[in-house]
Amino acid sequence: MNADTFTNVALEAGRLAAGICRRVQQEQVVETQEKAGKEPVTVADYASQAVILRALSLHCGDHAILAEENSENLRAGDDAHVADRVRELVSDALGEPVTMEQLCAWIDHQGDADSPYMWAIDPIDGTKGFLRKAQYAVAIGLLRERVPVAGALVCPNLAVDPNDEGGARGVVFHAYEQAGAFQFPLDGGDTTPIRANATTDAADVRVLGSVESSHGDPRLLTALVEELGFGGGIVRVDSQVKYGVLARGDAEVYLRPRSKPDWRDNAWDHVAGVAVAKEAGGRSTDVVGRPLDFSFGAKMEENVGVLTTHGPLHDEIVACLKRLVES
Ligand code: AMP
Ligand code: MG
């Protein structure tokens, strides 16, 4: 695996997935099921995962896969129209008819669990944002020996120019270890290197958090901003788009506290974003400063939330969070 192979495979798959997501998001009614734990899953989540894992099975078939969805509910046959719609979306995206067997095999593709390479895939990160027609990301991350080494974040609704919210939307972020981090407009345009902001002035610092208050602990964000005098305020954005925003210098801190004591973050919600932020100069730990540990598979069992920053204030922020969490 190298930067070129990763970028080719991830961006081709990510583009197909984003095309499906955009098409579904424009529909009046988005076919949705409810997963255990009351998380929504739409036809676009399944179709996006199918095209991404198909690409990985073709090009990186001997790598391991960690992905959010599985075909259990589609196979159950309770919602035949949902399965038919997913099959139609995938067939249209690939330009060839797809059988139910193929579709489910792609969605469930797991590769070789013993491979040193493991892909962490969230076919639609921020499904709630997607349904609100706000921000969401197709997240394609790669671990080597359980350490994030590469990531691609396709963000179909993010403004290309952060100063022109009414302008073109759709941004792709990608990074590979020691090869740098980049962005380009999803609908065409130049690829440019990105870098996290370097400010050390608290008055400039902007803190990213979830739109969904149940996904974190908004009080801890407010307390951090007040304690350290961060003057840029709190910016609420759905999904791993937050990592892209930080990596291109439009915010300095992404704080994701545990939403409840027994919550454990999902690897596919962070691997791609952490890799992009790191190559742009950022730092990631958990909220109390421990290294992120992706060795447990889907769940980050040993971490308390996630903190990513632009770098220079990371230790100071961790020290403050420890005081706040312990008080
Ligand atoms: P965000 O849009 O940043 O809030 O993150 C979206 C992600 O939040 C989804 O992909 C889910 O995996 C995750 N999520 C769902 N429920 C919770 C919860 N109760 N606490 C924390 N994260 C959650
Ligand atoms: Mg997610």
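The side chain of Ser210 places an N or O atom 2.6 Å from an oxygen atom of the ligand, and a polar side-chain atom of His215 is 2.6 Å from an oxygen atom of ligand 1. The protein covers 93% of the 500 Å² of accessible area that ligand 1 has on its own (Shrake-Rupley method, 1.4 Å probe).

This is a predicted model: local features need pLDDT of at least 70, side-chain atom pairs count only at pLDDT 80 or more, and totals for chains, interfaces and linings use all residues. Residues are numbered from 1 along each chain as its sequence is written, chains are lettered from A and ligands numbered from 1 in the order written, and side-chain values use heavy atoms, without hydrogens and water.

Let me turn to the domains. The assignment, automatic or from a database, gives domain 1 (3-193) and domain 2 (202-326). Their contact (heavy atoms within 4.5 Å) takes 44 residues from domain 1 and 29 residues from domain 2.

Why does ligand 1 lie between the domains? Both domain 1 and domain 2 give residues to its shell, so the ligand lies between them.

Conventions:
A polar contact is a pair of N or O atoms within 3.5 Å; within protein, one must be able to donate a hydrogen and the other to accept it, and residues adjacent in sequence count only if both atoms are side-chain atoms.
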